[in-house]
Amino acid sequence: MTMPWRADLGDGTYRNPVLNADWSDPDVVRVGDDHYLTASSFGRAPGLPLLHSRDLVNWTLIGHALDRLGRDAEFAVPRHDCGVWAPSLRHHAGRFWIFWGDPDHGIQQINAEDIRGPWSAPHLVKAGKGLIDACPLWDEETGDAYLVHAWAKSRSGVKNRLTGHRMSPDGRELLDEGTTLIDADTIPGWFTLEGPKLYRHDGWFWIFAPAGGVETGWQGAFRSRTFAGPYEERVVLAQGSTEVNGPHQGGWVRTAAGEDWFLHFQARGAYGRVVHLQPMRWDEEGWPVIGDEGEPVLTHRAPKAPEQAVEAPASSDDFPGGRYGRQWQWTADPRPGWTVGHRGDGLRLSCVRTAYAHDLRTLPNVLVQRLPAEEFRVETGITLDTGEPGAKAGLAVLGDAFSWIGLEAGADGTVRLVHRYAETVAEHERDAEHPRPAPGGTVRVRIEVTRGARCRFWADTGDGAGFRASGQVFAATPWRWVGALLGLFATAPAGPGPSGTAGFTAFRTTGRPHTV
């Protein structure tokens, strides 16, 4: 079984993106020989993914730091533009720290002695709307602590500005009202300054911050001899003559070998924000030079690091013991009973009763994961173990528009194969293909994804005809800040009483499929 994407080329070099999936707004820290990365998770649960690498090229997902998004019923339904925005990951005083901005509530902080947890409960460091992209700094020389954050105009009416605070060393409270460190409205040509990362280096306070917008922006660096400023600025990474649009927002890390590297995202439509790794050095004036003289590289010598196996975050899942892997998240805070325990392999989902089964975008009980590559194939088997009229289960590609293929019980309880979709502006799904019988209430389904996130759906009902294409090619779409997702679900119409279950066999993703 081939990996959907391999960044390690096996000859001492790598290719970008090193994480070819939607690991949005990455930040990275090194502890010893180990590197750890986190990313935005917005309204999905669990949140704050945690990835590990020894060489910055081969990464594995080792867990999540936030079990639930938590506030009463606020995240009982999908909220893809809320929740966890642009976290910062640091290691200080023997503990890991994550700070992030929730645009509707304020700046949160959690910490743990071990990266795998347990993590502390979220602590609100600064309350307010529009406070985003928070990053702490502990000055190891003076013992002082600081915090910087950006602003979301959608909530606060403020943007293009970075605010700084002095912070208590325990990271729990701010010691002043805050001052504007950088007002990019005063810098000609700069707009949408956000995503700051705060460092100390060579006697300077450094703020690495992107500007210019998600799709087409650039990476800036700012420096000052004092935290309060004034700061001078320079563009240190931009698209230039390359095909890498908007190469910005990420983190700087120095390896155990003393090399400097920069991880950043690139917005790629339905695929979300994929992560690139750039070499970094310091010029004779003490400014960072990222990539190839300020332009992103697509291939490069790999970092000097301990030998590591070729790896990427898992996307396939056999569901051993009926449990789903770390790569899966729910589209909202989960509730008891959505999964059904059993001793065998394969996933069993309850057919959750809802009045909104006609629109997957509104459902909290969709189990989702990122698209794992630009071109890939995904396949699973589905069994619908209920005769409840209207009960259904399927494999979906989910974004502002969605399409799914799977099984549905008819009015007489007979199970049939269905393929449905909804356009971005539609409020109700419709048939993408005529339904057909599914003998035994089982089907194998497949989605082949080619460049441009063009998705061809297939199904094998076990009638001897093998896999047959279904419907038209579907072009996946992102949400506003989130890439398209692969999803598994099971629902039943609103009403009383048990509604049955659906089973999913091994979920397999493989590399580039045949052209559709």
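A: Strand β6 is joined to strand β7 (residues 95-102) by six bridges, and the two run antiparallel. Strands pair if DSSP finds at least two bridges between them. Strands (E, at least two residues) and helices (H or I, at least four residues) are DSSP runs, numbered from the N terminus. This is a predicted model, where local features need pLDDT of at least 70 and side-chain atom pairs count only at pLDDT 80 or more, while totals for chains, interfaces and linings use all residues. Residues are numbered from 1 along each chain as its sequence is written, and side-chain values use heavy atoms, with hydrogens and water left out.

Across the pair, Arg90 stands opposite Trp97 in β7. Two residues lie between the strands of this hairpin, and there Ala93 takes a positive phi near 55 degrees. β6 spans residues 85-92 and is largely enclosed by the rest of the structure, because seven of its eight residues are buried. Buried means under 20% relative accessible area (1.4 Å probe, protein chains only).

Next, the pockets. A pocket is an open set of points on a 1 Å grid over the protein atoms alone, with protein on both sides within 12 Å along at least five of seven lines; lining residues have an atom within 4 Å of a point. Volume is the space filled by probe spheres set on the points, which are joined across faces, edges and corners.

The largest pocket has a volume of about 760 Å³. It has 22 lining residues, and Leu137, Glu140, Tyr199, Arg200 and Trp252 are the closest to its centre. β6 is among the elements that give two or more residues to this lining, with β2 (27-31), β10 (131-138), β14 (197-201) and β18 (248-254). β14 gives the most, with four residues.

The second largest pocket has a volume of about 440 Å³. Of its 23 lining residues, Trp85, Ile132, Thr192, Glu194 and Trp481 are the closest to the centre. Here β6, β10 and α1 (153-156) each give two or more residues. α1 gives the most, with three.

A cavity is a set of grid points where a 1.4 Å probe fits but cannot get out. The count comes to one cavity of 30 Å³ or more. Its lining consists of Leu417, Val418, His419, Glu433, His434, Pro435, Arg436 and Ser470. β31 (430-437) and β30 (415-422) each supply at least two of the lining residues. β31 gives the most, with four.

Key
Buried < 20%, exposed > 50% of the residue type's maximum accessible area, 1.4 Å probe, protein only.
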